[in-house]
Amino acid sequence: MTDLAHYRNIGIFAHVDAGKTTTTERILKLTGKIHKIGEVHDGAATTDFMEQEQERGITIQSAATTCFWKDYRFNIIDTPGHVDFTIEVYRSLKVLDGGIGVFCGSGGVEPQSETNWRYANDSEVARVIYINKLDRIGADFYRVVKQVEEVLGAVPLVMTLPIGTEDQFSGVVDILTRKAWIWDDSGDPMNYEIKDIPADMVADTEKWREKMIDQVADQFDDVMEKYLEGEEPDIDTIKRCIRKGTINLDFFPTFCGSSFKNKGVQLVLDGVIDYLPCPTEVKPQPEVDLEGNPTGTFAIVDENKPLRALAFKIMDDRFGALTFLRIYSGKLEKGTSVLNTFTGKTERIGRIVEMHADTRNELDSAQAGDIVAVLGMKNVQTGHTLCDPKYPATLEPMVFPDPVISLAISPKDKAASEKMGIALGKMIQEDPSFHVETDEDSGETILKGMGELHLDIKVDILRRTHGVDVIVGKPQVAYRETITKAVEDEYTHKKQSGGSGQYGKINYIIEPGEPGTGFVFESAVTGGNVPREYWPAVEKGFKSMLDKGVLAGFPCLDFKVILTDGGFHAVDSSAIAFEIAAKAAFRQSIPKAGPQLIEPIMKVDTFTPSDHVGDVIGDLNRRRGMIKSQDAGATGVRIKSDVPLSEMFGYIGDLRTMTSGRGQFSMEFSHYLPCPKNVSEEVIKEVNERNKKK
């Protein structure tokens with residue numbers, strides 16, 4: 001068994017196109033895992049193994065691989081950068097101990113980098129920063145360092161400085177050792193020399209070195225005291241300080257290079273070993289009870305403790321379902337049985353494999369700190385905990401956002417219909433942000449996801465991977481309904497039909513809630529007119545009606561029901577009577593409370609070359625967009641805006657036309673806002689027409 005101090009579980013994350021997958025390829029080459037480098041733009045990158053990834057040149061699902069650098073074992077996950085697949089980043093960060101945040105030297109801190117950084121902060125993952133693509137036109141290392149401070153509110157700890165810029169970029173200065181690493185132009189990452197610092201960079205190096213020591217010396221009191229007395233710490237002491245501060249998230253060691261030109265990656269790998277934590281140095285995972293409340297106990301990283309493992313990804317491939325596990329404590333052995341605390345059932349561990357993208361090595365066992373995949377799990381889903389049946393426990397589960405966009409599909413024939421059901425079942429297991437529903441009235445299958453690209457890829461996978469031919473409808477927006485005014489009302493449910501009857505009377509107030517509160521129920525009944533045991537039935541009745549609003553049948557959000565009074569009958573009252581009363585009360589009162597349609601508003605981040613800014617802003621205004629800010633960078637302008645999702649369909653095509661193919665954008669759900677009257681009327685009319693046809 002490997003010493004856990006020599007383990008590094010790391011993820012590589014960044015904005016789309018910052019060079020994550022290219023960086024992963026270089027790491028695999030340097031560590032001897034692959035012998036020929038595959039390029040993303042040729043569709044040959046190791047971790048982009050899906051057909052859709054190779055064609056589009058983007059990463060869609062996170063890929064896991066294991067490699068060794070200087071006797072240290074790296075379990076690496078290469079994550080997607082595209083906003084529609086942030087769920088992959090979120091669930092990968094949840095099980096990692098450290099990360100490499102890759103930023104583009106010319107693009108800087110881009111929108112998806114911000115989202116991923118936020119996820120990493122939430123998961124308290126220690127990171128090193130790698131500023132890539134310094135060979136590109138407009139690349140500026142110092143500008144990106146400043147952006148990390150201003151945009152992310154993080155403290156970058158500069159470890160290397162670039163030698164030359166753009167096409168003159170030839171290597172980096174290691175501030176710690178005061179040495180220059182210079183690569184030749186052969187493209188071989190091993191063809192480098194370690195020399196003295198170029199004369200024109202000595203002053204700069206000393207300035208940044210002093211700044212670095214100032215930032216890290218206070219990690220240990222004794223080091224700080226000596227430093228204040230004028231004694232500079234030695235290199236090992238500085239490394240010890242940097243390691244402690246990085247694990248505490250006080251600062252982030254920042255490296256630079258160009259992965260594509262094979263310059264600078266070795267120092268990043270050394271930085272991972274020197275500064276990122278091993279599994280025993282991160283906070284242990286909290287355990288929770290079945291309701292999700294913390295129990296105060298933790299999964300300690302130790303192979304001799306009871307088994308605790310979290311399933312963070314399900315992947316279906318030609319050999320069956322693969323369940324990716326992060327083992328937090330204990331040992332996992334082939335042939336043993338484990339308990340899934342979510343389902344309460346035990347599962348037998350068939351084959352354990354160590355993944356390298358889409359190839360694998362068989363293992364007999366795995367231990368705390370490992371990231372492995374298991375074949376043949378029946379009922380395990382993302383976020384489930386597997387544990388020792390004798391010592392059951394649940395790890396903190398994952399929370400996934402609700403989909404904002406839907407699409408209707410129908411199979412072309414009966415044969416496709418059967419295949420489609422099986423294929424969709426597998427796809428739901430793989431991706432928790434992808435939902436499938438059947439419209440009871442029309443019989444259509446509705447796919448729900450995080451964005452147009454997300455659903456586009458899903459339909460593509462259905463057609464090509466699973467061979468299911470489907471007819472696709474146009475995307476639909478996930479509208480919601482709410483109310484605008486408070487209503488005080490009462491409802492009495494009574495029914496007499498021989499024997500005991502049913503009786504339940506409720507007086508209540510329905511009022512608008514704060515945005516984002518969903519449905520809130522409270523009781524202000526005094527004097528026992530509605531006995532306490534019936535309050536949950538009233539709440540249940542109202543809750544059961546939330547799925548279908550009165551305007552167009554969309555789910556209802558953000559309102560509050562206060563039960564103020566009522567009446568009951570000693571014989572005829574029951575929980576079911578009060579539940580029925582609440583359901584009827586909803587139908588009676590919501591139409592009086594000024595019901596209103598609300599629509600999802602997206603946070604849109606658009607990048608455009610400077611000469612097209614006017615066109616892009618004009619177009620966003622036409623889409624009912626609200627411009628929030630404009631930031632001019634070296635290569636163009638970033639425009640942040642809030643735009644209704646319904647206006648964003650087909651935006652990428654229009655943006656490319658306006659900017660001669662150079663514009664880019666990303667969007668994520670922000671909040672719900674009321675629809676303008678004309679939009680609301682149009683949507684309600686459309687829904688009514690659809691219902692008539694059915």
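How many residues does helix H13 have, and how far does it reach from its first C-alpha to its last? Here are my notes.

1. Before anything else: this is a predicted model, where local features need pLDDT of at least 70, side-chain atom pairs count only at pLDDT 80 or more, and totals for chains, interfaces and linings use all residues. Residues are numbered from 1 along each chain as its sequence is written, and side-chain values use heavy atoms, with hydrogens and water left out.

2. Now that helix. H13 covers residues 575-589, which is 15 residues, and reaches 21 Å, close to the 21 Å expected at 1.5 Å a residue. (The expected span is 1.5 Å times one less than the number of residues. Helices are DSSP runs of H or I with at least four residues, strands are runs of E with at least two, and both are numbered from the N terminus.)

3. Which residues of H13 are buried? They are Ala577, Phe578, Glu579, Ala581, Ala582, Ala584, Ala585, Phe586 and Ser589. Buried means under 20% relative accessible area, with a 1.4 Å probe and protein chains only. Their cover includes strands S31 (487-495), S32 (502-512) and S34 (559-567), plus helix H12 (535-544).

4. (Two strands pair if DSSP finds at least two bridges between them.)

5. Take S33 and S34: they pair in the parallel sense over 5 bridges, and valine 520 has lysine 560 in S34 as its bridge partner.

6. Last, have a look at strand S37 (residues 637-644): 7 of its 8 residues are buried, so the rest of the structure largely encloses it. S37 pairs with S35 (residues 595-608) in the antiparallel sense over 8 bridges, where methionine 602 stands opposite valine 643. S36 (residues 626-632) also runs antiparallel to S37, joined by 6 bridges.

Technical notes:
Buried means under 20% relative accessible area, exposed over 50%, partly exposed in between (1.4 Å probe, protein chains only). Contact means heavy atoms within 4.5 Å.
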